[in-house]
Amino acid sequence: MKPGIWQRIGFYAIVIVIVTQAVFPFYYAILTSLEDGQALFEVNYLPKALNLTNYRAMLAEGVFGKQMLNSVFVASVVVVVSLFLAVTAAFALSRIRFRGRGLLLLTVLSVSMFPQIAVLSGLFEVIRFFGLFNSLWSLVFSYMIFTLPFTVWVLTTFMRNLPVEIEEAAIMDGASSLTIIRRVFLPLMWPAMVTTGLLAFIHAWNEFLFALTFTSTDSQRTVPVAIALVSGRSEFEIPWGNIMAASVIVTLPLVALVLIFQRRIVSGLTAGAVKG
Amino acid sequence: MAGKTAQSRLSRNRTRSAWLFLAPMLVTLFVVAAWPLGRTVWFSFTDASLDLISQARWVGIRNYLEWVDWGDGTGQYYGLLADPRWWRSVWNTVRFAVVSVSFETLFGLVIALVLNQSFRGRGLVRAAVLIPWAIPTIVSAKMWAWMMHDQFGILNDMFMRLGLISAPVAWTASPDTAMIAILIVDIWKTTPFMALLILAGLQMVPQDIYEAAKLDGVPPTRVFRKITLPLIMPAVLVAVVFRALDALRVFDIVYVLTPNTDATRTMSVYARENLFDFDQFAYGSAASTLLFLVIALITISFILATRMDLEGNTT
Amino acid sequence: MATVELINVSKSFGSVEVLRDINLSLEKGKFVVFVGPSGCGKSTLLRMIAGLEDITSGELRIDGQPMNEVLPAKRGIAMVFQSYALYPHMTVFENMSFGLEQAKLSKPEIEARVQDAAKMLQIEGLLDRKPKQLSGGQRQRVAIGRAITRDPRVFLFDEPLSNLDAALRVDTRLEIAALSERLPDTTMIYVTHDQVEAMTLADRIVVLNGGIVEQVGSPMDLYESPASEFVAGFIGSPRMNFLKGGVAEAHGAATYGIRPEHIALSDERGDWSGRVVLTERLGSDTFVHVEVKGVGPVNVRVEGRADFASGETVYLSPDPASVHLFDPQGRPVVRSVTP
């Protein structure tokens, strides 16, 4: 039963609507970022000229470059530390039978349900206590609250599906649990770790509330906070061109990453969310 | 022969390793989540302020509800539960959650159904659909803020050209439209996520069921209603609950797109304002605690409901 | 002195008892097969000897030393898994040397052992390949090779032929038999549900059923003198004919058993007469299913080719010396010599 010509047209019309609404805002942001001065105050649907002043402004002057590095640093370190802690924890939770295991997994998962605001005041105190206020380490530390449960959950689910017999063969070969993780499981888990790491990286990169609260100087801020707080020379002059340029700079690599790792990300998201 | 369960050395070694492996992760989670949560709850029962946190004193439920007697026979309730701004923020949050999740589910379903068909260019469409999700929330907020700008925004321009409105609308500033603005941005950004989850559910439906239906001559709408929908319902439900819990915690978009707006202030925003902007640290902690309780209640109910469902269905 | 001893061994998973009071003494160098239907506990028993399962009660001794508390790698045993369990990301060489690395042997020693084992199994050319580049039969040989390099006292096989197709199964079975000859001092314990493998490979067969040992003996012992109705029905293919009712009571038993190969068939005369229901021709043998009046359905083996039409009347004469009688509990009854 081939769909009729009207159905095909209708279908593709919907497809066009879907794609347009998804892509247009980003397109428009790029458009705006390439405009300067007068052009900004007109509404343009198509590019008039390619003007890179906004980009120069954001990258050359000010601390935006440093802020990007801050974000990269924080997100990378958080992901590495989380994966490291999560791999061993996942092994215990997926391969070793012990009392309270189910409850423990549920508890760890439930931490990801905490509203960030609920731990904000308590975390604020802890961070001040450790002297980490206004340092990037405060963010590395506090971001664990969402990266750890996520990585533990996904890696546990993945490890659960590794064949039991390979582990038993390794036990027969005399390998300790640590050796089993390091030499038998880890090589088999690279795909899962890349996906999980990527998703955790994106989440950490995007984080706003903690970054806003735990840093107070521009040089220590991360990208989301930087963009949110971009201000002009006077109260009424919001530099939209700069803001769009900053947005594009920040978003292009992310979009590229997501497009390249599409399949992995899709399977990672669905594996993590569809409770196994 | 006495049946004692002697654990072999292997089992005991492994159990010991298990706890060693879990310890660092558990300790970290405790310090980063459990302890701060406890402190927040503690603060809500004290008179803590930002500068003098360590000198917080216990004051009972004063931050939640307190009856102040004027001494002349009249009095007034103070505290979070008597604060109309708090209840307004609760209402905002609930309204936001219900509307956004509903639309995201609906649009997500449509997109998922489209992506489930094979057609030329499907890969590109899927990539395009992912873009809103890939863009950082703050960036989305700023992008849309620019598009919804009352003077130079493209949205007003388009609507005026199409004759939908006669004068520019201040989407983010006007209390009537602020919530709509927030909803537009959130729905735009989160629909891909819902679409992906629903798509995963769709792809788990075995193809032969559709073929059997085709052989039986069942019309497509019927197929959707009676076959597809019931089969993907579990996946959709999980996605909806996850999204709802996220929506109740919303902060970033509201804070950046429509700051200081009564019509969109959600519980998280309310709490933070009190914590850091208004120097009402203890009060803000109380708001945070209440939000946590709401989320916890819903989560536990959901877990119990699905557990009971499993136990009800299995013999 | 026996190599592997199980003394009053029992195993429970929670409140479910899967093995009860197992007592076995397995001599050094022998090929022992644990056989039985699914769920009888044979794999669990093997895994307990390996150390992969706890022993709920009782004692396991290898060469006289108690092994309950010893880690699997230190028991002097090696195991070949049903699904080979090769490390997919390691080469054949690394698969075979992994255990030796853990035991901290020197590089030259490891090299020597792996080469020896590879030569024995004719897989020297495969040492650089990864498991996914090998066929099923080759993978099985690598799995065996991995076990050989450890130079174990006891070799454990967990249904190693189940994942192979029929032709490969026969070939590999012969290889395992040859291996056992080449390693006369190594005890082999082999688990299978296939009684053909058991009969052809074993020096000794342990028949398990429902968590207990039904019988231990050589293949011929089990074939000729089954200790229970279960063993009689399990060993021998096709299955022994079990007849209840009149014919059994006439011999003072609840069940009358006679194997298809112990019944003579003639179209002229015999002890029983019946109607042919079905004929199965295998080329080397023919199996004739006959419905005998007052007795029941009987399967008879005829050598070579035999052509009988359905419904044809034939005459059967069971060999009285090969009749097995069982009481209502399935225990053998001493035969009274009556036709």
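This report walks through three chains of a predicted model, from overall build to individual residues.

Residues are numbered from 1 along each chain as its sequence is written, while chains are lettered from A and ligands numbered from 1 in the order in which they are written. Because the model is predicted, local features need pLDDT of at least 70 and side-chain atom pairs count only at pLDDT 80 or more, whereas totals for chains, interfaces and linings use all residues.

## Chains B and C

Here are some values for the two chains. A residue counts as buried if 20 or more other C-beta atoms, placed from the backbone, lie within 10 Å of its own; 12 or fewer makes it exposed, and anything in between partly exposed.

| Item | Value |
|---|---|
| Chain B, box of C-alpha atoms along the principal axes | roughly 90 × 80 × 40 Å |
| Chain C, box of C-alpha atoms along the principal axes | roughly 75 × 45 × 35 Å |
| Chain B, buried share of 315 residues | 41% |
| Chain C, buried share of 339 residues | 40% |

Chain B holds 11 helices and 2 strands, and chain C has 9 helices and 19 strands. These elements are DSSP runs numbered from the N terminus, with helices (H or I) of at least four residues and strands (E) of at least two.

Counting residues as in contact when their C-beta atoms, placed from the backbone, lie within 7 Å, 7 residues of domain 1 of chain A meet 6 residues of domain 2 of chain A.

Between chains, 70 residues of chain A are in contact with 71 residues of chain B. Helix α1 (residues 5–33) of chain A gives the largest share of chain A's side, 11 residues. That side of chain A divides into 54 nonpolar, 14 polar and 2 charged residues. For these classes, Ala, Val, Leu, Ile, Met, Phe, Trp, Tyr, Cys and Pro are nonpolar, Asp, Glu, Lys and Arg charged, and the others, Gly among them, polar.

## The nonpolar core

A nonpolar core is a set of buried Ala, Val, Leu, Ile, Met, Phe, Trp, Tyr and Cys residues joined through C-beta atoms within 7 Å. The largest one has 254 residues, and those with the most contacts inside it include Ala86(A), Leu257(B) and Val33(C). At least three residues of this core come from each of domain 1 (1–51) and domain 2 (63–271) of chain A. Leaving out residues up to four places away in sequence, Leu257(B) touches partners including Trp144(B), Thr172(B) and Ile182(B).

## A closer look at chain C

Strands pair if DSSP finds at least two bridges between them. In chain C, β1 (residues 4–13) and β2 (residues 16–26) are antiparallel, with 7 bridges, and Glu5(C) stands opposite Ser25(C). The two strands form a hairpin with 2 residues between them, where Gly14(C) has a positive phi of about 65°. β1(C) also runs antiparallel to β4 (residues 57–62) of chain C, joined by 5 bridges.

Ile123(C) sits in the loop between α3 (107–121) and α4 (136–149) of chain C. Ile123(C) is buried because it has 20 C-beta neighbours inside 10 Å. Its C-alpha atom is 8.7 Å from that of Gly145(C), 22 residues apart along the chain.

Methods:
Two residues are in contact if their C-beta atoms, placed from the backbone, lie within 7 Å. Domain bounds come from an automatic or database domain assignment.
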